[in-house]
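Here is a short briefing to read alongside the model. Take a look at the fold first, then work through the points below.

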Amino acid sequence: MKEYKPIFIWVLIVGGLLWGYEGVTGTNLLMSVLGISIANIVEIVIGVAALALAYMKLTMSGKK
């Protein structure tokens with residue numbers, strides 16, 4: 001799972017930028033570009049990446 005960490009980080013960066021854009025403009029860029037169903041899938045992927053990184057951080061906190 002450690003080999004996926006850079007991918008999870010990039011997914012969260014993109015998700016954060018999308019949320020920031022939505023907060024500033026009030027427009028959900030994912031839904032505008034991809035449509036509702038695909039945007040929901042992308043949001044689920046972002047959430048899974050956040051959970052995976054949180055799990056890795058909690059379980060690997062004492063290990064180096």
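In which helix is confidence lowest, and in which is it highest? This is a predicted model, and pLDDT is the predictor's confidence in each residue, from 0 to 100. Confidence is lowest in helix 2, at a mean of 91, and highest in helix 1, at 94. Helices here are DSSP runs (H or I, at least four residues), numbered from the N terminus.

**Ground rules**
- Residues are numbered from 1 along each chain as its sequence is written, and side-chain values use heavy atoms, with hydrogens and water left out.
- As the model is predicted, local features need pLDDT of at least 70 and side-chain atom pairs count only at pLDDT 80 or more, while totals for chains, interfaces and linings use all residues.

**Confidence**
- The mean pLDDT of the protein is 90, and 94% of its residues reach 70 or more.

**Helix 1**
- Helix 1 covers residues 5-25, and its 21 residues should span 30 Å at 1.5 Å a residue, which agrees with the 30 Å between its end C-alpha atoms. The expected span is 1.5 Å times one less than the number of residues.
- Phe8, Gly15 and Leu18 are the buried residues of helix 1 (buried means under 20% relative accessible area, exposed over 50%, partly exposed in between, with a 1.4 Å probe and protein chains only).
- They lie on the same side of helix 1 because they cover an arc of only 90 degrees around the axis, the arc being that of the directions from the helix axis to the C-beta atoms.
- Trp10, Leu17 and Val24 are exposed on the other side of helix 1.
- The buried residues of helix 1 pack against helix 2 (29-34) and helix 3 (36-59).

- Asparagine 28 sits in the loop between helix 1 and helix 2, and it counts as buried because its relative accessibility is 18%.
- Setting aside neighbours within four places in sequence, asparagine 28 is in contact (heavy atoms within 4.5 Å) with Glu22 and Glu43.
- Valine 33 belongs to helix 2 and is exposed, with a relative accessible area of 61%.

**Nonpolar core**
- The largest nonpolar core has five residues: Phe8, Ala49, Ala52, Leu53 and Met56. Helix 3 gives the most to this core, with four residues.
- Such a core is a set of buried Ala, Val, Leu, Ile, Met, Phe, Trp, Tyr and Cys residues joined through side-chain atoms within 4.5 Å.
- Alanine 52 touches Met1 and Phe8, not counting residues up to four places away in sequence.

Definitions and conventions
Helices (H or I, at least four residues) and strands (E, at least two) are DSSP runs, numbered from the N terminus.
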